[in-house]
Structures are given as C-alpha cells and as structure tokens.
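Hello,

Here is the structure I said I would pass on. My notes on it follow below.

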Amino acid sequence: MGTTISPSDYTSIDPNYTAGKGFYTDHTEVANLLQVPAFTDSSYPTKAQVGAIIKRVEGIIDDKVKRS
C-alpha cells in the first residue's frame, strides 16, 4: 500500500537543534517562558544545550501522540 501525502504534510520549518531551533519552539521562546535572559553560545545552558533539550522533549511528544 502506498503512502499518500497532503499539502498539510509539508512544512517550511527547518529545525537546527545546534542553534536552539526545533520543530515546535526555539531557544528564544524557552527563555521568554522561563523569564530569563536570552540563551547564547556563551550562556549556561548554551543555545546548543537548550536545542538538545528541545529535541529530547519533541521526541517524547511525538512518541506519545504517535506522530512526527
């Protein structure tokens, strides 16, 4: 059986976890939510570390809802 796609399957989101940008959010939105200064390459945690957390949580979400 073939796989069908629909226009809604396309997304222009280009995640870059090393830069702190995921499918659902990015490092700026996380900093705003936590009401802390923006994450940078020299902050602790760094943008890359926040990106790794975003990636891990997105994986958990996708696993729970059985979609990616």
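**What was found**

Of the 68 residues in the protein chain, 18% are buried. Please keep in mind that this is a predicted model. The chain has two helices and zero strands. Its accessible surface comes to about 5600 Å², with carbon and sulfur atoms supplying 57% of that area. Counting contacts between residues at least 6 apart in sequence, 49% join residues that are at least 24 apart.

**The core**

In soluble globular proteins, nonpolar side chains tend to be buried together. Here the largest nonpolar core has five residues: Y17, A31, F39, V50 and I54. Once neighbours within four places in sequence are set aside, Y17 is in contact with G22, F23, K47, A48, G51, A52, I54, K55 and E58.

I13, F23, Y24, I53, V57, I61 and V65 form a nonpolar surface patch of about 610 Å². Within this group, I53 belongs to helix α2. With a relative accessible area of 40%, I53 counts as partly exposed, because that value lies between the cut-offs of 20% and 50%. F23, another member of the patch, is among the contacts of Y17.

Helix α1 covers 27–34 and α2 covers 47–65, and the loop between them contains P45. Q35 is found in that loop too.

Most residues other than glycine have a negative phi, and most peptide bonds are trans. Q35, which follows α1, has a positive phi, near 55°. Is Q35 buried or exposed? Q35 is exposed, as its relative accessible area is 73%. The other detail is the peptide bond from Y44 to P45, which is cis, with omega near 0°.

**In brief**

Regards

How values were computed: Residues are numbered from 1 along each chain as its sequence is written. This is a predicted model: local features need pLDDT of at least 70, side-chain atom pairs count only at pLDDT 80 or more; totals for chains, interfaces and linings use all residues. Side-chain values use heavy atoms; hydrogens and water are left out. A nonpolar core is a set of buried Ala, Val, Leu, Ile, Met, Phe, Trp, Tyr and Cys residues joined through side-chain atoms within 4.5 Å. Buried means under 20% relative accessible area, exposed over 50%, partly exposed in between (1.4 Å probe, protein chains only). Contact means heavy atoms within 4.5 Å. Helices (H or I, at least four residues) and strands (E, at least two) are DSSP runs, numbered from the N terminus. Patches are made of residues with over 30% relative accessible area and no salt bridge: like charges are joined within 9 Å, nonpolar side chains (Val, Leu, Ile, Met, Phe, Trp, Tyr) within 5 Å. Accessible areas come from the Shrake-Rupley method with a 1.4 Å probe; for residues, only the protein chains shown count as cover. A salt bridge is a side-chain nitrogen of Lys or Arg within 4 Å of a carboxyl oxygen of Asp or Glu.
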